[in-house]
Structures are given as structure tokens and as C-alpha cells.
Amino acid sequence: MFEHRTALAGRLQPRPASPATSALIVGEVSGFALLQVSAFLDSVGELDRIVRRVLGASLPQRVGSTGRSPDHHIFKVGPEQFWVVGPQDAWIASLQDGVPREIGSTVSLSHGRTRLFIDGVSSRAALSRGIALDLHPEVFRPDAYALTDLQHTPVLLHRTGQHRYELYVLRTYAVWVWEWLTDAVLPFGYAVAPAAASASKGHTDRE
Amino acid sequence: MTPGPGRVRAAGRIDRDRPLGFSLDGRALTGYQGDTLASALLAGGARVIGRSFKYHRPRGFLTAGVDDPNGLFTVGEGDRAEPNAQGTMVELTEGLSARSQNAWPSVRFDLGAVNAWFAPLLRAGFYYKTFMGPTRRSWMTYERLIRRAAGLGAARHEPDPDRYETRYAFTDVLVIGAGPAGLGAALAAARSGARVMLAEQDGLLGGTLLADPVTGDTEVWRTRMEAELRSLAGLQILRHTTAVGVYDGGTVVLVTRRDHCRPDPAAGEALQIVTTVRAKALIHATGAIERPLVFGDNDRPGIMLASAARAYLNRYAVACGRRAVVLTNNDSAYAAAFDLLPHIDSVMVADVRRDVHPSLAAQAASLGIEVQTSAVVAGVLGRAAVRGVVLGRGEGRSRLRSIACDLVCMSGGWSPLAHLSCHGGIKPRYRKDRAAFVPGGYAPGHFGAGALTGAFSLPTAVEEGWEAGHLAAAFCGFTPAAQGLQSAPQAAAPWDSDSHRIEPVWQLPGARAGKAFVDFQNDVTVRDLVIAHQEGYGSLEHLKRYTTLGMGTDQGKTSNINALGIMAGLRGIGLEDAGTTTFRPPFTAVRVGALAGRHVGRHFRPMRRSSLHDWHLAHGAQMIEAGPWLRPWYYLWAGATVERAYLEEMRLVRHAVGLSDISTLGKIDVQGPDAAEFLDRVYVNGFARLPVGKARYGVMLSDAGTIFDDGTTTRLADTRYFMTTTTAGAEEVLCWLEFLLQTAWPDLRVHVTCVTDEWAGMAIAGPRARDALERAFPGQDFSNPTLPHMGCRDLVVGRVPMRLIRLSFSGELAYELYVPAGLGPAVWEHMLLSGEPLGMRPYGLEALAALRIEKGHIAGSEVDPRLSLADLGLGRLARYEKPFVGRELAARAASGPERASLVGIECLEPGKRLRGGAILFAAGEPVRGHGRGYVTSVTWSPTLEKFIAIGLFAGGLDHLGEEIVCAFPLKGERVRARITSPVFLDPKGERLHV
Amino acid sequence: MLAIHCPLCGERPYTEFRYGGDASKRRPALGTMAPEAWHDYLFLFDNPKGPHREFWQHDQGCRQWLLVVRDTATNAVGEVILARNAGAGAGEGPGGR
């Protein structure tokens, strides 16, 4: 009944393809769910057991390395706090119901974060215009991520491929960051990936 | 084309096959690829290239590099005109247009030259004495004239059309300077496997080697080194890149100039790039610059540094004169004499030292160059250009003789460029054997090499660089490669000796006539230093400010050391005890545009947009910036101007129903077994006993017991609350809650998460609000028993979870509806569509604010950390029997009849208006001083048909009904008004409970 | 640029952090009725040259409040720990009394 609208809906205008070999692709990833799960100080072990039971993946030990299942990424975002990113399906409710309130809490952030991506050989050079992180391929390896600052807003930067990075940005700052991103890639030439065709309908994760 | 009278047959580094046309003051000139503006002008025979700052004396180029104080030009046209560009640093490009700066009002009629007649006026301290004393007003009159007559360029007023970028970079080793030491250092570090960045200010690598003949040994070595460095994958070479500052933690800021590339901003090409580098290790290889000698009329065009004359000759194939006198106190200047001789008519050397090393004397003799020792300069001939020098021998002036010449190559020795190593606060150290200040030490992981350290000879500099490269790599955990260094030319030239034979002379004896300049750019003379000393400004930091020595674009690069030496002499102390002034970033001038980078225009500051933003834009919302947010101010449906529209929107809310975007409110999810206890501690009022499904207004205090923030918090479940904060306070509140949980009460089992972005919020307000909900969500029960005022319920509509809280900011029956942000636009549209028969329309921020003023609700202007609960009439809210943040000091809050507290104010004069910020006085008392209070919020009330306001007034509601005066001195307004209750509308709240 | 080594995220420029004031003093326990204790905690500060214990929050990162020892003369940052781990020692140390 209610159509979902991503933060950049209507702003992903196609551009003439750039002939430059350095050219980049930027776009928005849609159709994902993000659930924050947190344990209290002494109950991370229990939370880990719950997450393993539901997702088949362990909580990562340190900020920077992900936990993974075939369908999920788990980011550690605080000492006992994690973000689980996966498809919009039943795992969300299972985790929401599965974490007893004495152990910890869950909060849906699926709408509060917008997921952008940049891909291409110059992606690292473009990101260096705003990210104060050493993205040297041997320092920031594939699947590494970091919580950092971009244009005065907090972002999670995730290296998802050889030259591909994803940025989780606050939804209300998505346009601000997008304007920065499309400006940062300008010198290299860039194309905008069209919005995903199947914008998901409705909303499945509960509060 | 003609080569120009100054161009000689030496090979140089210019490309004679690529002539370039350029212009100076509109005159068409030519040069070659590889020239600088300075070398091209000198090739054309130019001598006077400007006039000096105070005395308007004719000046020529003094140096060939970054230290030149004289040759400032405005380069470029229109909105691209850059003032104060150093001609020695501007690379010639086709079509370059330059203007000389300091010949106002014209070259022929030079008003400023009159200053020379009144020279005594302009001595040290002139500005202070004349304008900062009792006659300060005269500064207002004369400043414009003086500034205009002075020789610095004017900033343009147009927006800069060029693009600038800022970047971050990371490396193991950063080498600053690609002279002999820097080249060696970069090679050693890179070979060990470390990531290396090599930053060079010049467009070419080699540093001082670039001033050597291109046919010589050093050039062979230079090109081999460059080739090898280029082949190393881990090495990044940045040309045209100046390290302008070293900051905390060894962070270095580099500025890369791409001006010569004519970048196209439309294609994203940057004119300049500022790179913030974090390097694990840093190698300072910034080299040294030559310093002038101080004697009378040492500023005449044609008198330049020996190293400059040599650079113009060997690099640019330009002889700056036909008859040269080399005036020196050290060996290095002999290189200029030997190199110049084959290309010009005559060369002689005047050496101030008594003895010259036999090898130099022998070489000079073999070339037929006369060397006069114990030389003094008794005078300089020529005004617009040097025509000769009067030389004497020793202190006596008996054996004077005039030497005709059109070029004087002077050398007072070399000054290491220790600026960067001093940026971290480490003072330079005087090295007596070099007569020079060298870095006094280095931060951990920083290393120095080459001429910077006083290693002035080529082989030693290279060796030091090599060593520093190894040390830096080892500091980063790399094992130095075994492979040896491409050995530097071992056969050092006779002038290039490790012993660096020099006799420091800060002021040549003998010359009594003429001004002896110490600082060429600021026209500071020896006489000024003497006056400063006599008047008690002997400390170097005082001297600088009193005489302006070392100010301006060159920041004393050529002048500092001589001034220090002379002042030390006047004070009778050694240079090692005199110290130096403080070196601060930037090393060279940096464009403000480069610092701003892309933080311009729409990238200037963060902008937050609610998920309904695009809908607002598409439906006639006029947006306004509110903190970081863009919010609908008013909608065009209600009127073309805000004055009309918000009143219409208010009427809608008072009489029907309106819809407003409140997504900007701070929203915090509070969860955990101790959530209730936590909220009891942070709010002055109680939340532990708030029933599930109920909302409560709460106020937070700071530790100091004053107002921090307010909002409503709803209990969603036993262990879960949904907190809202003010829009402005959202970030502060979250950080404060986290601070308390992480530092003060880590034992509380509570999680707080910002969900401002997760939820779109909309207020449905007006007498028909319930009807609107029933139409939008048929079948749901919104009746008073199910959802009373301050009640909350969750809805799931079409699988969308929604949260509905019955709250009112406007004083009308109202609800706040929260939906997941991505569904916000769809639900918003649905609400408006289904509410259309009720006349439902959106309303904006102006109406929202006016509605709450009518109701007397406090908001941003009243949530003031200077105020107490009692000041805002909230005293009864606090539950002092429980502990809460700020309780102890809140209990002691100031009170009494003079304390200002919240009141309503109504305007008594139809046709006049109240204004925010107006100062309040009792009727009849003089309007003077701070008054008895002030207006915090004001609006026209369509309900009451008058201007109303809320504000703070001494004694508060004790004065209910009294007449007051609202004064607004900025507009000269005084308006009669009356103190009322701050709740102008429905004081019993009947509208809320319908 | 001042850099702080966040125990969770690694070394970051100070622009990712929010300064939270002097950490050398012990916060009076909740409910402490003595106004003098709050007065001293809120309004009296040393201004040491040298090591200084202070709070910083990594608010653009993991949002953790940190206890940082910073040298006020050199801006060199020494030990950094999560503020919650400072425990009973929160009032002790180089900048403490």
C-alpha cells in the first residue's frame, strides 16, 4: 500500500558514459535491511550464540573485520554493538525476537542509513578527497571497513571489492554526501548506476 | 623571434623550440618553455620590475627562487587575477598576462617616490607613532592612500572560477625537497620497501643542482638519480608541491600548484591541491638559500644574489649583465664568477675576506679574474640600475676606486631553510662554523639532511640524505636495502667544500652613504634597526613588529639572518644568544581558495534533508535553513509571501487540520532493564512510573542546574522508551546521555541509539485531526478512551509499523505520527489525500512557531542554558525527592524579585509591532541600559489580532497586567505593551482533550 | 593535526572527535547533596602545562567516550582508554589531584 522511497530516489540521473579509463561508477544500493544488535557489558558471549543460531555467523572480534554468512555482513560498531546487514526477510524478526531484553537490544536502522557505492580503478583516489583513512590496498584490504568522518558526517566505509567501496551514510545527510561524491569523482569521469528496478514494497522488519 | 638581449648561448633548461608569448602591463613579450616570468623578463633586459613598499625605490629581482622579495606581480586577468605572485615562481605559459603592482599611479609620475624625500618620517615605528597614538583618527584618512601607494597587489572581488581540492594521503616516509639530499633520502627509503612520497616545490628535481651547468658532472648524476627514482613503484614524486607547514603529530600540509597546466574547472581539474599527509617518518631536506650583503644602496636593480645570477645563467640561459662584480664573504660565490665569465664581457671578484683559499685564487688567476681581498663597498653608482661600485680595501677609504659594472653578484653566505622543522616548536640552533641557524632538533621520526643541516657540499649532502633515508625506513620498521648509492660526483668543485669557508659579515664596513637595506620587501634599513634598538625594541619579536621586518609575502627569508646579526651586534651579544623569531606556517603564501578546497557553494556546510524534502519542493514549499536542516518555511498554497502564508496556515490549524513535517526532532531509542532508572536520573521529572503507552513532557538540566533540553518521551514497553529532543539539541543530548552512561554510570544496563534518521515524523494538528486519522486509517480506533491526550499507540497499516502519539505543540487536538523514513513520503501523501475533504493542507515552520507562541510553549529561544526551571515557570515540574542531574545546583538557583522569568507580552499599539530581542522597560522609566528583560519569541496572532510575544521580565508574572515599553534601539522603536500570561490561548487546555 | 588512537577504531584525526573537558576530577556521585562538591567539579580547573587527562568522544566513529592523556605543551597524545574502563581510577593520574 505504501511505496518505499530511497533517500536518493529521483536523484540518480543517468549521465553520458565517460570515455576515460579512469571513469568511476557511483550509485545507491537499495533493498537491504540493517539491524543494530547490542549486548550489555557481560553478555556479548550470549549475544554471539544467538546470532550464530539465527544467522550462522559469529560476531566479529574487532572493529574493522566483518562477520559473514552467505547473506549477511556483520559490522562491529561499538564495544558490544553490531550492525547486521542482510536481505529484507525473516532473519530480522528472528533476531528481534531472539535477543532477550536482559541480554541486550535491537534497533532497526534500515531506513536511517543510505548505502552508496563507488566502483572503478580511481575509487581510492576519489575517496581520498574526503576520507582521512589510509586506503592503501594492503592496509585497507577487501572486506575491511571503518567508521569514520566524511564531510562532517559519520559514515561506515566498507571495501567490498578490488576497487569497490560502500558508504553507509545517515539518511538525512544522504543528499549532502551524494553531492560530495559526484563532485569528487568529476575529475575521473563517472557514470551513475540506475536505481535498482525492483524497489521493495512495504516494510517487514518490526520495531 | 629574437632571443632577447640577455639571452646567452649557454644550453640552459629552456626549450628554444617552444617560444611563448606573454605580456607585462599590456606589452607583448616572448620567452621560452622552461622560463619563469622572472627569467623571461631578465632575458628581455628588464631591470626595474617594480618599486619598493615605503620609499618607492626602483627594484629588480634579487633572487631566482621562492625567497625573492621584490618581484611581485598580479598574474592573470579578471576573475583569475592573482595578486602578489612571485615572478621567480611563475612558470611561463603561452598567453600569460602579468601586471606590475607597485608603480601607482603610473610609472612616469610616481607619487610615492615623494616618500623618499620625507624618508625620516617613515622610519621604524612610523605607523605606530603616527597613527596609533593620540592622532589615531588620522589613520582613517591616510590608510587608503598609504595602502594604495604601497606595493602590494589588490585582491579581486569576483568569485574564483577555479577548482581547488583537498586530499588526505598516507605514507611511510615523506621527503621534503628533491635536492641532492632529498634525492638520496628518497632512494634509500624507497629501496628498503617503504612507501615514500617525495615533495618538490620546483617543477624539476635536483634543487640547487638545477643551477649547475647542464653540461656538467652533476647533471649526469641528477638524471641518473631521477631515472632510478621513477622506476621505483613504492615512490610517489610530487612536483610543483610545497610543504607549507608541519603540524601536530607530524602532519604535513602540501600545496600542489597546477597553474601552469591551465586546468579546466568544468572538467573537475583542480588549479591547486592541498594534501594533508600523515607520514610515519619525515625527512627534512629543504636546503638553504643565499643571503644578501648589507651595504649602502644594496637594493639597486642589477644587484642580486650570486646564486641567482648563476641560476639565471645556467638554468635559463640569461646573463643578468655584461660586466659583473662578485661581492662575497665566502667561497660559494666564486662559482658564479667562473660560470659567468665565458658568457659576458668581464668579471671581477671583491672578497671581503683577507685571505682566499689558494685553490680558488689559482683558478681565478688562470681564468684571468681579478680578485680583490679585504674589499669594502664605499658606494654604489646608478639609481634606476647599478652602473658601478666604489670599492675600497680594509677599513680605510684611501684606496677607493670605481668599477663600472651592470651586475653585482653578492653572497653573504647561506641560510638553511629551517622553517618546517621549527613549526613544531623546536627552536633553531646557531651553528657558528657555518654562520647559520640549523634545526635545533627534530621530533621523533623526523630526520634532517643536506644543506638544511649545514652540509653545504654536494657529496656530504647526498650522503646525509642517504643516511636519513635509511634511518627513516628503519623507524617505520623496514630493513635498509644492502645496495649502495649511486655515488655522487666526488670531485667536488673548489668552492664546494665541507669546511664552507665563510667570514660572517652582517653589515659591510665602509659604506656610510645610502640606505643599507636589510629587508627589501618591507624597506627596513640598518638605520631602522638602530632606532629600534635605541628605543628598546631589541628583542627580535619586538623588532619584527616595530619595524615590519620579516613581514609580507617572503616572511623574512632573505632578511631575517642579517637583521639578527646586526641586532646582536648592537646589543653586544652573540647570535647564539639572540635567537630567532618564531617560524610559523605557511612557508609560502597559500591561496585561501586552496585551503577551502571544495568546501564552497553547496558543499560549504552539511545540509540535512528530511525524507519528505523532495515532496516539499515539488509542492510549493519555500525552504529555510534551520541549523543544519532545510525545512519548509511556508507553502505557496497559503500565500505568496511568508507574512501572508503563515497566517493562513495558522488559521487552517486553528479551524480545520494541518500537516507538518517534524522529522527534524531529535529521536533517541532508549532500551534496557535500567531504562526507567536512567530517565529518572536525566529528567527533572519522573519517568519510572510512566505507564506503558503514555508520553510525558520532560526537562533536562545540565550539571550546573540550568536548562539543557526538553521534549516528550514515550514509554513503548517496560524496558523501552522513545525520547524526542529539540531539533537543535539532538546531537548534544545524545552525546550527553552517552557521556553519563559511559563515564558516570557504566553499571546501568541501558542502550541509547539515535533514530532521528530512521523515522519520518509528521504532526497532524487541528480540531479535525481525529477525523483526518479516521479517514486515513479506517477501522482503527482513535477515540479518547483508546488514545487520550499524551497517549501512544502502535499501528501496522499495510505491513508498515507506525507510531502515533497524541501530543500538541500548537494547543489544538494534535497527533505526532512516526513512520519509517523510506515510507514517509507515501504516508504523507496518503494523509493529505484522505484529509482533503477536511481541507487538510501542509503548514510550515513559521506557522508551527507562531502556533506555539500563542500557546506559550517554550522552544529554542527559551531553552537557554542561562535560565533555571523557575525562570521558565517550570519549577513545579521537578521532583526534588529523587536524584537527577543538576538537582543540587538547581535547588540553589537564583531567585527574587529582580530575577527575570517567563511572561507573555501583548502589543497595545495597533499598527506597531513587537520584535524579537526587544528590551523591556517599565512604563515611564528611562529607556537606558539593559532594561528589565527582553523578548525571546514574537508573532502576529491571527487569533488575538495583535502582536504577541513571550519573553523574560524581572519579577515575571508578579507584574501581570502592567504596562511596559518594548524598546528596539536598532530601529529606534518604542512600543507600549502589557504583561500577560504566556499562554494566550485556551489556558485550560480544553482544545487538547476534545 | 592532532591524532588520537581510538582503542576500537585506530588512529584518527581529532576532527572525528568531540572534546569533553577535563577528566582529572572525580564526578560527584549522583545525588551528592554538597553543593561545594559540584562547584569544585564544575568550575575549578587546573591549567597544567604537560600531561592532561581529558575526555574525548569518537562521535564520528564508534561513539565511545575516551579518556585521553594529552600533553598541553606539545599536543602529544599518550595513553587512550575507553572512559568506562577508567573505573575507580578516573580521578587519578598525571593530570589528577
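Me: How does one check whether the length of a helix fits its number of residues, taking helix 20 of chain B as the case?

Reply: The model is a predicted one, and the check is one of geometry. Helix 20 of chain B covers residues 730-744, that is 15 residues, and at 1.5 Å a residue it should span 21 Å.

Me: Which residues of helix 20 of chain B are buried?

Reply: An α-helix has 3.6 residues a turn, so residues three or four places apart point the same way. In helix 20 of chain B, the buried residues are Ala730(B), Val733(B), Leu734(B), Trp736(B), Leu737(B), Leu740(B), Leu741(B), Gln742(B) and Thr743(B).

Me: What does helix 20 of chain B give to the side of chain B that touches chain C?

Reply: The contact between these chains takes 19 residues from chain B and 22 residues from chain C. Helix 20 and helix 24 (887-890) of chain B each supply at least two residues of the chain B side. Helix 20 of chain B gives the most, with six residues. By class, this side of chain B has eight nonpolar, five polar and six charged residues.

Me: How is a sheet described, and what is the strand order of the open sheet in chain A?

Reply: Strands of a sheet pair through backbone hydrogen bonds, either parallel or antiparallel. In chain A, an open sheet of five strands has the order 3-4-5-2-6, with antiparallel pairing. Its edge strands are strand 3 (67-68) and strand 6 (104-108) of chain A, each of which pairs on one side only. Strand 4 and strand 5 of chain A pair over five bridges, and Ile74(A) has Val84(A) in strand 5 as its bridge partner. Helix 1 (residues 44-55) of chain A packs on the sheet, with its direction at about 150° to that of strand 2 of chain A. Helix 2 (residues 91-98) of chain A also packs on the sheet, and its direction makes about 20° with that of strand 2.

Me: Why is one side of strand 29 and of strand 30 of chain B left without a neighbour in the sheet?

Reply: These strands belong to an open sheet of three strands in chain B, with the order 29-31-30 and mixed pairing. Strand 29 and strand 30 stand at the edges and each has a single partner strand, so one side of each has no neighbour in the sheet. Strand 29 and strand 31 of chain B pair in the parallel sense over two bridges, and Arg609(B) has Leu630(B) as its bridge partner. Helix 23 (residues 845-855) of chain B packs on this sheet, touching strand 30 and strand 31 at about 80° to the direction of strand 31.

Me: What lies between strand 19 and strand 20 of chain B?

Reply: These strands form a hairpin with six residues between them, and Gly382(B) in the turn has a positive phi of about 100°.

Me: How many residues does the largest nonpolar core have?

Reply: In soluble globular proteins, nonpolar side chains tend to be buried together. Here the largest nonpolar core has 204 residues, and those with the most contacts inside it include Val177(A), Ile764(B) and Cys966(B). Helix 4 (residues 174-184) of chain A gives the most to this core, with eight residues. Residues touched by Cys966(B) include Ile905(B), Leu914(B) and Val935(B). Apart from this core lies another, of 175 residues, among them Val8(B) and Leu72(B).

Terms used: Residues numbered from 1 in each chain as written. Chains lettered and ligands numbered in written order. Predicted model: local features only at pLDDT ≥ 70, side-chain atom pairs only at ≥ 80, totals over all residues. Helix = DSSP H or I, 4+ residues; strand = E, 2+ residues; numbered from the N terminus. Expected span 1.5 Å × (residues − 1). Buried ≥ 20, exposed ≤ 12 C-beta atoms within 10 Å, placed from the backbone. Pairing = 2+ DSSP bridges. Core = buried A, V, L, I, M, F, W, Y, C linked by C-beta atoms within 7 Å. Contact = placed C-beta atoms within 7 Å. Axes fitted to C-alpha atoms, helices over the stretch in contact; angles between N-to-C directions. Nonpolar A, V, L, I, M, F, W, Y, C, P; charged D, E, K, R; others polar.
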